[in-house]
Amino acid sequence: MKLKTKLPLLLTSLVCIPLILLGAMAFVELKSAAEKSSVTQVTKYLEQVVAQTDRLVSTAQANVELIADDSLLHNYMLTENEDERYTLMQRPLLRKLKSIMKVFPQYYEMRVILPDGYEDLRLTSYFIANLKEEEEASELFISMGHDEHNEKTQFLTNPDNDKFSLYVSKRVDIINKAVESFNAAPKMRGYFVITVSLDAINKVLLDSPWSGGRFIITDQSGAAVLPYSAKTATDITSVYQALKQDSERPSSFSVHELDGESYYHTSISLKQGLWLHALLPENILLQYSRDMSWLVTIMTLSTVAFSVPLLIFLSHFQIVRPLNKLHHAFLRLGNNVELIQVKTSGDDELNELGKEFNRMSLKLFKSNEKIRELAFNDPLTGLPNRFMFTKHLNLSLESAKCDRGQLAVMFIDLDNFKHINDSLGHQSGDQLLHEIGDRLQHNLRSKDFCEHFSDSDMVARLGGDEFTVFLGELPSIETAEKVAKRILEIISQPILLGGKNYYISASIGIACYPQNGVTTQALIKNADIAMYHAKKKGKGGYQHFSDNLSRQNDEFSVIEQKMHEAVEHELFELYYQPIVDSNTHRIVSLEALIRWYDVEFGFIPPDKFIPLAEKNGLITVIGDWVIREACRQLKIWQDSGIVDIQLAINVSAIQLNNPKFAQELYQTIKNSGIIPGTLYIELTETTIINGEQEIFVTLEWLRSRGIRVALDDFGTGYSSLSYLRNLPIDILKIDQSFIRDINDKNNNVILSAVIVMAHALGFKVVAEGVEERGHLAFLVKEGCDLLQGYMFSRPQTADDITRLLLKETSEEESQTG
């Protein structure tokens, strides 16, 4: 059955059946709605009465508190002479109480009751006979006396006027400072009582918003106490009885037959066993629902008579035809990749559906375009990504195999990008990467780049700060070198970040087809290996891949694996090189130097495995071991009587950048038990100067705890004498490259200036690499403090150094003896 047939039948059923059911259910629903509405209204009304009562009570309590603490009342109650109290003290007190009654007219009685129950003072706002001055047997006085609290609130019937009232009282405790000690406990002098009229509550109960509705307050026994007229009424006795029963189980609305009429009843707790009841006639609540039931019936029949034919007529033009259009559009959307749109007019649901279809179709079209873009392009730079580069390289290799052409892959890694990214923020880092990508793309596609140009050339970003370049149809390998030099040149140009110019360099690895690989994976891998060696040579350069580099890379991989084993089994050893006094040539300190012997490779030099450890993160573990081992050996020497020797350990930049390094170093030294100040650290010039401000703070913290700092290999980094004054160091170690060229006149001048400047700044000066007598003579002449080099001793094991130190100690003792 077609939609044009099913829809009229369906609409007729959907309209007629619900309307008929609605007519049948209208009375029930409207009755329920009326009940719920009445429940809500009555509940709110009851809550208002409760709130009004609470305000009446809280206000009276506050006023009783103020009056009971008033000095006039205190003076009155402390005056023991009755004549004086009544003639002199009573009149000002009464004036004040009257002024309060004017402000609060509901306070119709104020009294002062003595501890024995005698009513000493009574003030009323109108004439009320005082039927009983002695209150000692009254319910009010008894409850006040038995209550532990100073303040008492009660709802009771006033015996003087037979009105149900609110009593708020407070016990008055006073120290008679004239005859009693200031530290004495206050004594109870009596009670101050306010009687509050409940006429306002009574009026609210009588002024019911519902015709025939009744609001009544009952006490704990179920007897009506308000409104006052309810106490003497005789026509609703059955109502009271029902209220008395319900007061034991106050609940939501319930129906009662009272005096031959149905009433809805509910109640709410008021205060101190009082309950507020509401009784509403059922006919008042349901009159609205009865009127509405007839109206709904008429409207139902009229709607059925007119709506069915109209719906059948409109369904075809307003529903069936637009749905057919959308159906055909969906079929086209599923079978085509172009943008599909349907014509819409108006703002009804089907036209909105058509508009949503158009929006969905547009988003789907754009999403497909974006997916295609993301699948092949880097979102930050817009350059081809790894997938696109690999795919392009695969196709180019297939073509090169047929044409016997020559290709090249370049692997580019930015130098020190992490420093800029961390110091300036990721936003600046992204800006830098985008700029580098633009420069590579623009220059690679420019005819004036160099003589090489091919339509198949491609620049891609693999991720992070790594880029790749593909060069197709290479006439020679030298062409690749020219392209690499040009890339280094354009990258080294200043980049504007945050209003300032920054400079960055790159390291490039080059792998050519077919010399360095015939597969995509091999070319990218070998270019990466070449890049690593270019970076190792000093950054800012390029390196061709060779079989030797491959062997070195394999060797590094094996060494790296063995290094993990060496760390796990502590296969390292510390050697120690003496540092001597330039005048006495006696050993004053030692430098701890790590050594690693492997069964397969023999002794592996530190300059081979330390960079690997810094790269793979093992330097922290190795450095911790060096610190512990150095402290252990120094403690052995000191325990054997060699107490005037200091020991230096080398610390890498990675260790120093660890926020916990300083505290852990200090704790290790402290736990080892060595003499304070006998172990110090050596840092390279680049580590300190390239470090963040936090490094300076760390070094100052260490120095404040007796751990001195030596600047190692001075002259290999910035070599800025003016910069020295800002460095938190104690010892300056001149690099051996200065010492080797000591015969050079210019070098001598610089060396002399360094020593003079260091002494002026309060630094000790150590010269490294002293191997000849000429070196020694010059350094002694220029006042260099300490000397280190093969002329005095090579690095030796702990046992050899121990013998050397003991020998030197015995010689010194024999000379002094």
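Salt bridges and nonpolar cores

Glu109 and Arg122 form a salt bridge, with their closest N and O atoms 2.8 Å apart. The pair joins distant parts of the chain, since Glu109 sits in strand β1 (residues 107-113) and Arg122 in strand β2 (residues 119-124), 13 residues apart. The model is predicted. Glu109 counts as buried, at 1% relative accessibility, whereas Arg122 is partly exposed at 23%. Both belong to a network of salt bridges that also links Arg111, Glu119 and Asp160.

In the whole structure, 28 salt bridges are found. One of them is between the side chains of Arg461 and Asp378, at 3.0 Å from N to O. Arg461 lies in strand β12 (residues 458-463) and Asp378 in the loop between α8 (349-376) and α9 (386-403), so this pair ties together parts 83 residues apart in sequence. Arg461 is buried, with a relative accessible area of 11%, and Asp378 is buried too, with 10%.

Another salt bridge, between Arg439 and Glu435, spans 2.9 Å from N to O. Both residues lie in helix α11 (residues 426-444), four residues apart, or about one turn of the helix. Arg439 counts as buried at 12% relative accessibility, while Glu435 is partly exposed at 30%.

Next come the nonpolar residues. The largest nonpolar core has 76 residues, and Phe572, Ile681 and Leu779 have the most contacts inside it. Helix α16 (residues 619-639) supplies the largest share of this core, nine residues. Apart from this core lies another, of 50 residues, including Ala68 and Tyr107.

On the surface, Ile17, Leu21 and Met25 form a nonpolar patch with about 290 Å² of accessible area together. Leu21 is found in helix α1 (residues 3-68).

Definitions and conventions: Residues are numbered from 1 along each chain as its sequence is written. This is a predicted model: local features need pLDDT of at least 70, side-chain atom pairs count only at pLDDT 80 or more; totals for chains, interfaces and linings use all residues. Side-chain values use heavy atoms; hydrogens and water are left out. A nonpolar core is a set of buried Ala, Val, Leu, Ile, Met, Phe, Trp, Tyr and Cys residues joined through side-chain atoms within 4.5 Å. Buried means under 20% relative accessible area, exposed over 50%, partly exposed in between (1.4 Å probe, protein chains only). Helices (H or I, at least four residues) and strands (E, at least two) are DSSP runs, numbered from the N terminus. Patches are made of residues with over 30% relative accessible area and no salt bridge: like charges are joined within 9 Å, nonpolar side chains (Val, Leu, Ile, Met, Phe, Trp, Tyr) within 5 Å. Accessible areas come from the Shrake-Rupley method with a 1.4 Å probe; for residues, only the protein chains shown count as cover. A salt bridge is a side-chain nitrogen of Lys or Arg within 4 Å of a carboxyl oxygen of Asp or Glu.
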